[in-house]
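Here is a short briefing to read alongside the coordinates.

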Amino acid sequence: LANLCVTLLLTLSIEKIVFGGGVMNRLSMIEKIRERTVVLLNGYLDLPEDLSELICRSDGNDSGLRGALVLAQSAYEDNIAKM
């Protein structure tokens with residue numbers, strides 16, 4: 001996940017990375033991702049001292065459900081458009 005953060009930061013100049021899902025239920029995981037991201041970047045980018053605004057956890061724990069609903073809505077709309 002830290003490698004993903006590095007790739008996003010270097011290729012897209014992204015402003016915020018939000019992780020969600022079951023793996024983020026482990027509270028220590030997000031801090032490990034932040035620490036490893038700093039190590040991998042090795043000073044290549046100017047990062048804020050506090051990475052909690054740059055790399056964070058999602059507020060809710062229902063990202064899987066929301067994703068499924070968006071896919072279902074999209075499939076429904078595609079079927080209606082074909083009629």
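Contact here means heavy atoms within 4.5 Å. By that criterion, R34 touches L51, S52, I55 and C56, leaving aside residues up to four places away in sequence. This is a predicted model, in which local features need pLDDT of at least 70 and side-chain atom pairs count only at pLDDT 80 or more, while totals for chains, interfaces and linings use all residues. Residues are numbered from 1 along each chain as its sequence is written, and side-chain values use heavy atoms, with hydrogens and water left out.

- Helix 2 spans residues 27-41; helices (H or I, at least four residues) and strands (E, at least two) are DSSP runs, numbered from the N terminus.
- Its buried residues are M29, I30, I33, R34, T37 and L41, where buried means under 20% relative accessible area, exposed over 50% and partly exposed in between (1.4 Å probe, protein chains only).
- Seen down the axis of helix 2, these buried residues fall within an arc of 135 degrees, so they line one face of the helix; the arc is that of the directions from the helix axis to the C-beta atoms.
- The exposed residues L27 and V39 sit on the face turned away from that buried side.
- Helix 1 (2-12), strand 1 (17-19) and strand 2 (55-57) are among what covers the buried residues of helix 2.

**R34, a buried arginine**
- R34 lies in helix 2 and counts as buried because its relative accessibility is 12%.
- The side chain of R34 reaches the backbone oxygen of I55 at 2.8 Å.

**Helix 1 against helix 2**
- Two packed helices are described by the angle between their axes and the distance between the axes.
- Helix 1 and helix 2 pack at about 55 degrees with their axes 8 Å apart; axes are lines fitted to C-alpha atoms, for helices over the stretch in contact, and angles run from 0 to 180 degrees between N-to-C directions.
- That angle makes helix 1 oblique to helix 2, as angles under 35 degrees count as roughly parallel, over 145 as roughly antiparallel, 65 to 115 as roughly perpendicular and the rest as oblique.
- On the helix 1 side, A2, N3, C5, V6, L9 and L10 meet I33, R36, T37, L40 and L41 of helix 2.

**Two positive phi values**
- Most residues other than glycine have a negative phi.
- S13, in the loop between helix 1 and strand 1, has a positive phi of about 50 degrees although it is not a glycine, and counts as exposed at 61% relative accessibility.
- N42 follows helix 2 and also has a positive phi of about 50 degrees without being a glycine; at 67% relative accessibility, N42 counts as exposed.

How values were computed. A polar contact is a pair of N or O atoms within 3.5 Å; within protein, one must be able to donate a hydrogen and the other to accept it, and residues adjacent in sequence count only if both atoms are side-chain atoms.
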